[in-house]
Amino acid sequence: MLAEPLSPALQKLRLDDGRPVEWAVSSGYVDYAAAEAFMEARVAAIAAGEAAEMVWLLEHPPLYTAGVSAKDEDLLDAGRFPVHRTGRGGQFTYHGPGQRVAYVMLDLNRRGRDVRCFVRGLELWLIGALDRFGVQADVRPGRVGVWVERKGPGWSREDKIAAIGVKVRKWVSFHGISLNVEPDLDHFGGIVPCGIQDHGVTSLVDLGVLATLDEADAALHASFGRIFGAAVAVDPPFASATKG
């Protein structure tokens, strides 16, 4: 399925001129407030025609974020990690070490002006990256994000492996996706992730795929190119804190 050509509806996510997106990867942990401030400035510059589109890959220290639909009762342990209220879509989610966050700043004025199509593109991007590790993933009706089905003798369940939460301003996107490579899954216990209580969370390593963040980045880069077009490496926005 992933080798098939993109549907006509999704073709509009690719630029006609083939201009590449800037692809930045930060080492170390990036402060959430600093990352959000950078996104705000970059999105304004993209909207004004003063900066190129960018995908920024990074790790955050352990924290929870609350989207515009977050319910207070879904924050189960408010004192566990810092909580950031943000303007992205969605509910509560966790970010932390071992999780690859990708902030996606694309000019949807030039990519079809279709938010639903854009989100579908993000889903397919993640599904394609996971496929490179032999992980079959998909979306589920009524549930945001990307899911895997797990089975054993006499049991089966569905776990979330990647989250999506975006915001669009002047038809420029920001915030983005997070892929669980090797986070501490116990850290999700302080929230009801995305408001979904009946299903769990997983990661590549939890599934037995001993992938590194660098390997996940390579898979994300390859899959991104198929959906959105070329992306070229640039220096990250600013120096990150070192890992302790």
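Which residues in α2 are buried? In this predicted model, local features need pLDDT of at least 70, side-chain atom pairs count only at pLDDT 80 or more, and totals for chains, interfaces and linings use all residues. Residues are numbered from 1 along each chain as its sequence is written, and side-chain values use heavy atoms, with hydrogens and water left out.

Helix α2 spans residues 32-47. Helices (H or I, at least four residues) and strands (E, at least two) are DSSP runs, numbered from the N terminus. The buried residues of α2 are Y32, A35, E36, F38, M39, R42, V43, A45 and I46. Buried means under 20% relative accessible area, with a 1.4 Å probe and protein chains only. From first C-alpha to last, the 16 residues of α2 reach 22 Å, close to the 22 Å expected at 1.5 Å a residue. The expected span is 1.5 Å times one less than the number of residues. At the start of α2, a side-chain oxygen of D31 comes to within 3.2 Å of the backbone nitrogen of A33. Just after α2, G49 has a positive phi of about 75 degrees.

The largest nonpolar core holds 42 residues. Such a core is a set of buried Ala, Val, Leu, Ile, Met, Phe, Trp, Tyr and Cys residues joined through side-chain atoms within 4.5 Å. V55, F118, L122, W125, L179, F224 and F228 have the most contacts inside the core. Elements that each supply at least two of its residues include β1 (21-29), β2 (54-59), α3 (115-131) and α4 (213-228). The largest share, nine residues, comes from α3. Another core, of 17 residues, lies apart; M39, I46, M54 and M105 are among its members. F228 touches L13, R14, L15, L106, R111, F118, G121, L122 and W125, not counting residues up to four places away in sequence. Contact means heavy atoms within 4.5 Å.

D159 lies in strand β9. D159 counts as buried because its relative accessibility is 1%. Its side chain reaches the backbone nitrogen of G200 at 3.4 Å. Not counting residues up to four places away in sequence, D159 touches V146, W147, V148, R150, G200, V201 and T202.

Conventions: Buried means under 20% relative accessible area, exposed over 50%, partly exposed in between (1.4 Å probe, protein chains only). A polar contact is a pair of N or O atoms within 3.5 Å; within protein, one must be able to donate a hydrogen and the other to accept it, and residues adjacent in sequence count only if both atoms are side-chain atoms.
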